[in-house]
Amino acid sequence: MVAKSKRQLAKLALLALALLLLLAATLLCVFLIPRHHRKPLPPGPPPGNASNPDDSVVAFDFSPYLIMYKSGRVHRLDGTARCAAGVDEATGVASKDVVIDGGTGLAARMYLPPAPGGAKGKKDPGRLPVLVFYHGGAFVIESAFTPLYHAYLNAVAAKARVVAVSVEYRLAPEHRLPTAYDDSWQALNWVARNAGSGPEPWLRDRGNLSRLFVAGDSAGANIAHNMAMRAGTEGGLDSGAAITGLLLLDPYFWGKKPVAGETTDQATRRQYEATWSFICGGRYGIDDPLVNPLSAELRRLACSRVAVTSSGLDDFRPRGMAYAAALRDSGWDGEVEQYETPGERHVYFLDRPKDPNSVKELAFVTGFLSRE
């Protein structure tokens, strides 16, 4: 009987030892294996209002940009980070934020390159071309204050030696089109007034209004084009300013009927049409001149030079190229330049600024802005 009890105790001891070893192994896995070897759980949906059932019902899915819920709540999926203005260590470019209209919140971030060779205070660095820039983001995300555009404008201002004004226009769907166009037009005229005789010192003292450029990428390029069209149809800008050059980087243009090389996939075309309708609240059709410049009177474009860039894998490439061709054939009396990067996707140069293709495209951009 005693021997049997001893054997049972021995078995229990072995079992307890095995459980301890198993626990120790588990703890080693948890605390010693690097975190990146463990697949994280996917993020859950953003918190909503539990008392409002419509706060979790999707009204429009505009992924990868945003999701809008039936309650009106908007959850942005990208382009929400912000960074402060200041002096960029890499380029020496100084930046600051200005309010253009306190009532609407219209604002801008301005950029001023350092004196050549760091010769600050030794001689007059002279007046610089003025660049008004509109950021992209499908009219619904991004900002003049995001790290993405802050870095890009620092690079452009440094290499092209321009006084740059990056406009913080209001976004859809909280402010559907034409709000972005109206904000952008107000900002452009604010620049024109201040570069003439206004109180803003960087524009008044350093800007050369006779070399005024308007530019943007994607949706911002769409805005830039429409600003030049508006200047041509509304009698120009304040202070008698005129746009010298228009720079469109992978412009966001679309239309009902495919142009040569454009996708004919009906699902894709319906999606682009649906997102445009979402952006403008159904106010403008997909062939409205605001989004389809091929239906516009391009001869009224108010500038003397236009540059259009395109990326080989971009859905918007064919219509951007058709735009350049139509502009040449419109009777418009100006110079059109085109620059294409094969094998790249839409606005690739923002995400990979040090990539060789991005460096080459930046050289084209700064060359266009710097040329007399």
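**Rings and a serine: group meeting talk**

Okay, let's start with two aromatics, Tyr 152 and Phe 349, both of them buried. Keep in mind that this is a predicted model.

Now, the rings. There are 19 aromatic pairs in the structure. Take Phe 60 with Phe 62: the ring centres are 6.1 Å apart and the planes sit at 85°, so we call that one edge-to-face. Phe 60 and Phe 62 are buried as well. Back to Tyr 152 and Phe 349: here the centres are 5.7 Å apart, but the planes are at 40°, so this pair is tilted. And look where the partners come from: Tyr 152 is in helix H2, residues 147-160, while Phe 349 is in helix H8, residues 348-351. That's 197 residues apart, so to speak a link between distant parts of the chain.

There's also a cluster held by ring pairs, with Phe 139, Tyr 181, Tyr 252, Trp 254, Tyr 272, Trp 276 and Phe 316 in it.

Arg 73 has its charged end over the ring of Tyr 69, 4.2 Å from the centre, and Arg 176 lies over the face of Phe 278, at 5.0 Å from the ring centre.

Last stop, Ser 218. An unreviewed UniProt entry lists Ser 218 under "active site". You'll find Ser 218 in the loop between strand E8 (207-217) and helix H5 (219-233). So is Ser 218 buried or exposed? Its relative accessibility is 9%, so Ser 218 counts as buried. Leaving out residues up to four places away in sequence, Ser 218 touches Gly 136, Leu 249, Asp 250, Pro 251, Tyr 252, His 346 and Val 347. Tyr 252, remember, is also in that ring cluster.

Notes:
Residues numbered from 1 in each chain as written. Predicted model: local features only at pLDDT ≥ 70, side-chain atom pairs only at ≥ 80, totals over all residues. Heavy atoms only, no water. UniProt positions renumbered as here; feature names shortened; annotations may be inferred. Helix = DSSP H or I, 4+ residues; strand = E, 2+ residues; numbered from the N terminus. Buried < 20%, exposed > 50% of the residue type's maximum accessible area, 1.4 Å probe, protein only. Contact = heavy atoms within 4.5 Å. Phe/Tyr/Trp six-rings, centres within 6.5 Å; stacked < 30°, edge-to-face > 60°. Lys NZ or Arg CZ within 6 Å of the ring centre and 35° of its normal.
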